[in-house]
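Work through the exercises below with the sequence and the model side by side. Try each task before you read its solution.

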Amino acid sequence: MVSRSPFESFQWKSDIFNCESTDIDNFYLLLTQETSRLGMVEKTLGEVSKYSVNLYQAPAAKSGLPSLLICAGFHGEESAGPWGLLHFLSETSPELFERVNLSILPLVNPTGFHRGHRFNKFGENPNRGFVFENGKPKANETSSLEGKLLLEHAQLLIAASRDGILTCHEDVLSQETYVYSFEPSQVPGRFSLDLRDTLGGYFPVAPDGEIDDCPVKEGVIFNHFDTSFEACMVRSGARVGACTETPGLQNFDQRILANSAVMTHFLALCAPLCD
């Protein structure tokens, strides 16, 4: 894989939102509008520089419904995830909360997002340093400021992701899409393959081989446990998990639409509509 500086800047123009991918003020304005319209409850997990890292949840959790967590914006240059989440919210109605206890972390790394940089302003990787020891998640020497904030609220996030977690990432040097997935099985099942196929409707699927030293087969890197947030949440009890990777060398609005679609399909798989 071609290496890049964590402070290399990436920026694209979105015709859907009529702004640049790094326009954080517009992002937060639209996020506030959509979460308010849906009646979602905002909880501030902490501050990073002048920005808040916020969790938004369904207006009232209902017992017996699946609890699902969707996250985006761990890496600042992977901006189609946060914008895709905005697009997903714009097409969502409050009736969704009748079938799922949905929580969202829309922008974990605001300082990186604002600059189009992979890492945060302190040079830390917000998606590493989530260690699982003695049955509990904890920080280590590689944990970022954002990661420590998430770990301070680990029990809240574990409960929010009990039935599934989706984190939306991008591979900014790729033309192809792929999925990291976690299922309690020996081989990828419907959950993994359907998410891959959703992305495959927008982009070519990565061929068999290796990506970042991980074996990829039919567009899926399966049950690869590292110190990422999603792997930690699965270790902590999430029933299934996925980290989607849209290709940064493809059209930005197409990537936004793909992220929105994979969020919709994640909910359909984990919280199906009742007949």
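**Exercise 1. A salt bridge inside a helix**

Task: Is Arg37 buried, partly exposed or exposed, and which residue does its side chain meet in a salt bridge?

Solution. 
- Step 1. This is a predicted model, so every value here is computed from predicted coordinates.
- Step 2. Take the relative accessible area of Arg37, which is 40%. Buried means under 20% and exposed means over 50%, so a value in between is partly exposed. Arg37 is therefore partly exposed.
- Step 3. Look for the partner. The side chain of Arg37 meets that of Glu34 in a salt bridge, 2.8 Å from N to O.
- Step 4. Check the partner's cover. Glu34 has 17% relative accessibility and counts as buried.
- Step 5. Apply the general rule. An α-helix has 3.6 residues a turn, so residues three or four places apart point the same way.

**Exercise 2. A salt bridge between loops**

Task: Which parts of the chain does the pair Arg118 and Glu77 tie together?

Solution. 
- Step 1. Confirm the contact. The side chains of Arg118 and Glu77 meet in a salt bridge at 3.2 Å, N to O.
- Step 2. Locate each end. Arg118 sits in the loop between helix H3 (110-115) and strand E7 (130-133). Glu77 sits in the loop between strand E5 (67-72) and helix H2 (80-90).
- Step 3. Draw the conclusion. The pair ties together parts that are 41 residues apart in sequence.
- Step 4. Glu77 is buried, at 1%.

**Exercise 3. Helix H8 and its neighbours**

Task: What is the span of H8 from its first C-alpha to its last? At what angles do H6 and H2 pack against H8?

Solution. 
- Step 1. Count and span. H8 covers residues 252-270, which is 19 residues. Its end-to-end reach is 27 Å, close to the 27 Å expected at 1.5 Å a residue.
- Step 2. Check the cover. H8 is mostly covered, with 14 of its 19 residues buried.
- Step 3. Look at the start. There, a side-chain oxygen of Asn251 comes within 3.0 Å of the backbone nitrogen of Asp253.
- Step 4. Take H6 (residues 190-200). The axes of H6 and H8 come within 9 Å and cross at roughly 155 degrees. An angle over 145 counts as roughly antiparallel, and that makes H6 roughly antiparallel to H8. The crossing of H6 past H8 is right-handed.
- Step 5. Take H2. The axes of H2 and H8 are 8 Å apart, at an angle of about 60 degrees. That makes H2 oblique to H8. H2 also passes H8 in a right-handed crossing.

**Exercise 4. Residues in loops**

Task: Is Gln186 buried or exposed? Is Asn127 buried or exposed?

Solution. 
- Step 1. Start with Gln186, in the loop between strand E10 (178-182) and H6. Its relative accessibility is 76%, so Gln186 counts as exposed.
- Step 2. Turn to Asn127, in the loop between H3 and E7. Its relative accessible area is 3%, so Asn127 is buried.
- Step 3. Find a contact of Asn127. Its side chain reaches the backbone nitrogen of Phe229 at 3.0 Å.

**Exercise 5. Positive phi**

Task: What is the phi of Asn18, and what is the phi of Ser49?

Solution. 
- Step 1. Asn18 has phi near 55 degrees, a positive value in a residue other than glycine. Asn18 lies in the loop between strands E1 (13-14) and E2 (19-20) and is exposed at 60%.
- Step 2. Ser49 also has phi near 55 degrees. Ser49 is in the loop between strands E3 (41-48) and E4 (51-57) and is partly exposed at 42%.

Definitions and conventions
Residues are numbered from 1 along each chain as its sequence is written. This is a predicted model: local features need pLDDT of at least 70, side-chain atom pairs count only at pLDDT 80 or more; totals for chains, interfaces and linings use all residues. Side-chain values use heavy atoms; hydrogens and water are left out. A salt bridge is a side-chain nitrogen of Lys or Arg within 4 Å of a carboxyl oxygen of Asp or Glu. Buried means under 20% relative accessible area, exposed over 50%, partly exposed in between (1.4 Å probe, protein chains only). Helices (H or I, at least four residues) and strands (E, at least two) are DSSP runs, numbered from the N terminus. The expected span of a helix is 1.5 Å times one less than its number of residues. A polar contact is a pair of N or O atoms within 3.5 Å; within protein, one must be able to donate a hydrogen and the other to accept it, and residues adjacent in sequence count only if both atoms are side-chain atoms. Axes are lines fitted to C-alpha atoms, for helices over the stretch in contact, and angles run from 0 to 180 degrees between N-to-C directions. Angles under 35 degrees count as roughly parallel, over 145 as roughly antiparallel, 65 to 115 as roughly perpendicular and the rest as oblique. A crossing is left-handed if the near helix is turned anticlockwise from the far one by less than a right angle, and right-handed if clockwise.
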